[in-house]
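Colleague: I am new to this structure. Please show me how to read a few of its features.

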Amino acid sequence: MLSGSSYDVLIVGAGVAGPALAHALATKTCNKRDAPLRIALLERSLSKPDRIVAELLQPGGVTALKKLGLESCLGELGSVPLLGYHVLRGEQGICASFPEGHVARAFDHGAFIMALRDYARRAPNVDVIETTVTSLIEDEVTHRVIGVLASKAGGQPESYFADLVVLADGSLSKFRTAVLGNMPYEPSKKGYLAGLIVKDLKLPVPKYATMAVLKGAGPVILFELPNNEYRMLVELKQQPPPDLKEHIMHDIVPQLPSSVRGPILNALETSRVRRVPHCYLPPIKQGGSSKAGAFLLGDSLNMRHPLTAGGMTVALNDVVILSDLLAQIENFGNWDEISAVLRKWHHLRKPLASTINTMSMSWAGIFAAEGEAFDIMQEGAFKFFGQGAKYSDEPMSLAAGITHSPSLLARNSLAIAIYSIWVLFTHPKPGNKSAPQFYEYPLLFVKALNVIWTIGMVMGPVMWAEM
């Protein structure tokens, strides 16, 4: 007889997805089963996390929270409603609003995680345990995962057993290879984000996140947080500058609106600039050749560029779908049934996850990259969105996680590329007063082909990986 604590479900990791799944499984099954599920949520540290990302929840994520019965935690946090994005490029500025009736929410990341953990703790038959999971326990004969080995601070290793183990232990997951085996993809580092808290800032358009597309530097995002604080995020290249403060002060601040420069300079003098890497990891189907008894959830399974703030929306939507499917399972020890659920979940999550993943990787790449083709697409995108809500509603609905359609994203991206080419042929170049002449068309045609090629090279690999 194996000794240790026994549960129906073990969830490793209490970030966004872990507590949300614990709460959802407990509440959705409590009236459906003869015996309520026993769930353990294991987390290395239950102290308040301190991160510079995952502080903006897109409207689609807000909707997912409501479906999970967790929307009241946003009010408890004093979260700030955001109506859309105000995008700046040089002297140009456009407002792109979320569809009517939808808002994003911005909040302190640590406070949000603590609220989710509290909801999980209050759910029926959920134990929230502070312990570090060190390894998976497998059945000696079948090699199915039957639990985990974990150690509390200063304590001896303890065994926790369950019919099902969910690994939501984040981007640096120790168990990814153990569960998935030979992975077709590995996490690919794409760059870094630098983060800074700014106080007493006045954004150009209140209640809109400001995104500035800069020359010689990555995009910058500014948005309001509770308590008169504002988050500044700066995209950095693969090799970040040795002195981040110097880079922000001399290469970035002069390109930002004058109204925000003073508070940012003050923050650079008094606050620490923090840096985190970001990676891309396409999702991999589980339930077939993956290890029986366990599966991955959240960033351990799937990552994307954080600049479009879609990660929490994907994670919460995954929990909505997965908890609905798992709530129909009577015996969590039946791996055939669980495998069928995981395969179905993989396909049901694709419309939203693939849309947000592709948009984050490709659009962030277009606005962060330099080169003539990217300049042409950026100029065309600004003029495209600047025509009004008729032209920005669909892309904003996709970015917000409201519309779930990779094909619609592809059509919109192609439409913007074609419009960019039309602008190239019909609008004056910077510094010119007249549109290009006919004798310039052969060279412009070559540039147009380069635009089509470039958008294909940016979006194609991501769309293929997401299929």
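Modeller: Start with Asp336, which is exposed because its relative accessible area is 62%. Exposed means over 50%, buried under 20%, and partly exposed in between (1.4 Å probe, protein chains only). This is a predicted model: local features need pLDDT of at least 70, side-chain atom pairs count only at pLDDT 80 or more, and totals for chains, interfaces and linings use all residues. Residues are numbered from 1 along each chain as its sequence is written, and side-chain values use heavy atoms, leaving out hydrogens and water.

Colleague: Where is Asp336 found?

Modeller: In helix α9, residues 335–368. Helices are DSSP runs (H or I, at least four residues), and strands too (E, at least two), numbered from the N terminus. Asp336 also gathers with Asp34, Glu330 and Glu337 in a surface patch of negative charge.

Colleague: Which residues make the nonpolar surface patch?

Modeller: Patch residues have over 30% relative accessible area and no salt bridge; like charges are joined within 9 Å, nonpolar side chains within 5 Å. A salt bridge puts a side-chain nitrogen of Lys or Arg within 4 Å of a carboxyl oxygen of Asp or Glu. Here Leu414, Ile418 and Ile452 make a nonpolar patch of about 260 Å². Ile418 lies in helix α12, residues 406–426. Ile418 counts as partly exposed because its relative accessibility is 48%.

Colleague: Is Val16 buried or exposed?

Modeller: Val16 is buried, because its relative accessible area is 13%. Val16 sits in the loop between β1 (5–12) and α1 (17–29).

Colleague: What does Val16 touch?

Modeller: Contact means heavy atoms within 4.5 Å. Leaving aside residues up to four places away in sequence, Val16 touches Phe112, Ile113, Leu116, Met312, Ala315 and Leu316.

Note on methods
Areas by Shrake-Rupley, 256 points an atom, 1.4 Å probe, with all protein chains shown as cover. Lys, Arg positive; Asp, Glu negative; His and termini not counted. Charge placed at Lys NZ, Arg CZ, Asp CG, Glu CD.
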